[in-house]
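Please have the structure open as you read.

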Protein chains: 2
Amino acid sequence: MKLTIRKDELNEAIQQVSKASSTRPAIPILGGIKIDVTHQGVTLTASDTDISIQSFIPVENSEFIIAKVEKPGSVVLPAKFFVEIVKKLPSDELEIEVKEHHQTSIRSGSSDIQMVGLDPEEFPVLPSIEESESISVPGDLLKAMIRQTVFAASTSEQTPILTGALWNLQEGQLKFVATDRHRLASRTASVVTEPGYRFSNVVIAGKTLVELSRLISDDSSQVEIVVADNQVLFKVNQVLFYSRILDGTYPDTSKIIPQEFQTELVLHTKKLTDAIDRAYLMSREEKTNIVRLATQEDGTIEISSSSTELGRVTEHLEVKELTGEPLRIAFNSKYMLDALKVIDSEYLFIGFKGAMSPIIIKPIDHPYSLHLILPYRTTG
Amino acid sequence: MKLTIRKDELNEAIQQVSKASSTRPAIPILGGIKIDVTHQGVTLTASDTDISIQSFIPVENSEFIIAKVEKPGSVVLPAKFFVEIVKKLPSDELEIEVKEHHQTSIRSGSSDIQMVGLDPEEFPVLPSIEESESISVPGDLLKAMIRQTVFAASTSEQTPILTGALWNLQEGQLKFVATDRHRLASRTASVVTEPGYRFSNVVIAGKTLVELSRLISDDSSQVEIVVADNQVLFKVNQVLFYSRILDGTYPDTSKIIPQEFQTELVLHTKKLTDAIDRAYLMSREEKTNIVRLATQEDGTIEISSSSTELGRVTEHLEVKELTGEPLRIAFNSKYMLDALKVIDSEYLFIGFKGAMSPIIIKPIDHPYSLHLILPYRTTG
């Protein structure tokens with residue numbers, strides 16, 4: 001294998017795939033980036049077996065020649081050093097040459113780097129996914145859907161299935177749900193699909209979705225999603241992102257969401273967020289994060305928290321609408337803030353079915369987001 | 001005590017002093033910020049006994065009224081919560097009122113915060129420093145002097161005196177030295193003093209100097225420095241910064257600095273830095289950071305590092321000047337990079353007195369900076 005390639009394009013592709021290489025690989029090959037060179041271009045692949053990322057650099061684009069391939073071939077190079085050294089090479093171009101025993105030399109300007117390469121035959125084979133059916137989602141929408149749900153996924157490995165977000169597709173509606181048993185976030189969007197195409201119980205690890213998000217640009221360019229038996233493939237421009245689907249059955253959460261409420265509030269999202277944020281600062285010192293919300297006789301609401309050592313925060317908030325019964329309820333203010341921060345409408349709805357029932361928070365502009373928080377049982 | 005005060009000015013002063021409050025105070029009062037209110041203004045003080053910071057907010061400045069004092073007084077409030085809550089208050093102004101038993105209420109817009117205050121009589125008394133003699137240094141110069149030396153101070157508490165930087169003043173020359181026994185950085189500057197004023201063996205903790213740096217703005221406004229028996233006072237605008245002087249005698253480092261060299265090099269600072277940075281990436285994988293430098297017969301130099309697992313980096317560098325004997329030497333590339341990064345001239349001088357003697361690095365534009373690195377004894 002021998003080629004010269006522009007540093008910037010190689011560096012960009014390395015940054016994209018390197019997220020999938022293990023930082024503490026069980027075997028050295030999993031800490032590597034595989035380089036496949038053909039006369040069409042250069043393919044980089046990294047995989048930690050949970051996720052695999054592949055990026056393709058064509059030999060030329062509409063503007064200029066990116067790579068000159070003298071001899072096709074493959075090699076695997078240790079990711080950590082390779083990622084950093086390419087960034088810092090002195091010239092805009094580098095030459096990569098693989099000799100006997102995968103010995104690789106990289107030359108750029110006055111730098112000469114010899115690397116111990118690994119056998120590409122030992123590199124994990126990417127899942128083969130039959131591309132019969134797929135959906136396309138605008139990148140910015142997919143990113144928003146991930147951001148608005150993934151924070152509610154569990155971080156505890158005790159229930160592995162809850163560390164993921166559940167994806168369902170039914171009648172052109174793509175729905176994401178995440179829950180850690182204390183709170184739940186869901187987000188729905190209409191997507192373009194083949195008629196009748198559906199899937200269910202596709203659960204993708206939260207940390208995988210965060211990595212995927214970073215690859216997607218903040219515009220409406222389409223991300224193609226292909227769901228197979230135990231893998232999902234995302235196509236983001238020149239990048240293929242493969243994720244394992246988590247084993248197990250995601251719990252049915254539909255029944256815990258109340259449909260009727262005893263007390264209903266419409267509040268200014270930012271004002272509520274700021275008031276709870278101040279009460280949170282005090283509640284955090286008690287390690288409980290308990291904040292109380294109570295309707296007042298004058299039609300306002302009071303938000304408060306207290307700490308035996310520090311004191312008390314009391315906030316008064318005007319409401320836009322208040323209907324139903326008087327209410328006193330306590331909840332985890334950190335969970336509430338997490339939900340409030342991803343609500344994108346100026347006003348929001350909060351529904352309560354009594355002090356012991358789940359709290360429902362929704363934007364008032366659209367029906368696509370829903371957040372649920374279980375209240376705390378407290379005295380007084 | 002009762003006053004109203006503008007949030008932004010109070011917040012700025014809180015941010016300045018809070019660096020001195022203990023995050024894990026031995027007694028609660030050391031985790032507090034003391035507030036003293038008079039008809040002239042508001043004084044905030046924090047102290048962890050090693051450093052103390054005091055900031056004064058006048059009741060008015062040339063533009064507007066900052067504080068309206070209804071009743072003078074004092075209180076100590078827990079720093080962590082106070083720092084964060086003031087930032088997040090809803091209105092541009094807040095009212096602070098201290099009642100019985102130091103109980104403090106803060107009101108701002110719709111927020112009402114009750115805080116458990118502490119007795120100001122229990123707060124540490126600031127050192128009293130007689131201001132007979134002092135020196136003035138432009139802020140940007142003082143920051144540069146700190147930045148160019150403090151990284152070389154030891155981080156090991158085994159030799160506490162070396163965790164500080166040594167300051168000496170003699171004949172109008174202020175000199176900073178820091179060393180961890182493996183490398184040394186020194187910086188000198190001419191300052192304006194009373195004739196004959198001098199001090200020696202003033203050693204200030206590295207982490208204190210880093211905090212001090214953050215308080216100083218990047219312009220030439222003067223910082224006044226008053227040295228007392230066991231304390232130094234820095235006056236930075238409205239802020240007083242007190243630091244303890246470390247106990248003990250700083251070692252005499254003047255004798256270890258070679259004055260004559262067997263090999264002398266003048267090199268382009270940035271090109272050398274980049275070449276060593278690439279060699280460092282490889283040496284880091286071996287945990288040794290060993291990089292080798294060798295003069296070549298063609299008048300260039302070679303910089304190299306190797307790792308049994310990863311391979312080898314070789315760099316060739318043109319020199320501006322090379323005089324004296326051929327040389328092969330090995331050194332800690334991390335220490336070399338630390339020194340190179342604070343050298344502010346385009347070309348630098350490196351002097352060697354053989355492979356076992358200290359390496360000296362200096363800018364070529366001025367005589368005020370000097371760096372020393374001990375070489376490694378290596379085979380081959």
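## Aromatic pairs

Keep in mind that this is a predicted model. Over all chains, the count of aromatic pairs comes to ten. One of them joins W167(A) and F176(A) in a stacked arrangement, with 4.0 Å from centre to centre and 10° between the planes. Both of these residues are buried.

W167(A) also pairs with F234(A), and here the geometry is edge-to-face: the centres lie 5.8 Å apart, with 75° between the planes. W167(A) belongs to strand 11 (residues 164-170) of chain A and F234(A) to strand 16 (residues 231-236) of chain A, so this pair ties together parts that are 67 residues apart in sequence.

How buried are the two partners of the edge-to-face pair? W167(A) has a relative accessible area of 1%, and F234(A) has one of 0%. Each falls under the 20% cut-off, so W167(A) counts as buried and F234(A) counts as buried.

## Charges over rings

Which residue lies over the face of Y347(A)? That residue is K320(A), at 4.8 Å from the ring centre. In chain B, K320(B) lies over the face of Y347(B), with 4.8 Å to the ring centre.

Terms used. Residues numbered from 1 in each chain as written. Chains lettered and ligands numbered in written order. Predicted model: local features only at pLDDT ≥ 70, side-chain atom pairs only at ≥ 80, totals over all residues. Heavy atoms only, no water. Phe/Tyr/Trp six-rings, centres within 6.5 Å; stacked < 30°, edge-to-face > 60°. Buried < 20%, exposed > 50% of the residue type's maximum accessible area, 1.4 Å probe, protein only. Helix = DSSP H or I, 4+ residues; strand = E, 2+ residues; numbered from the N terminus. Lys NZ or Arg CZ within 6 Å of the ring centre and 35° of its normal.
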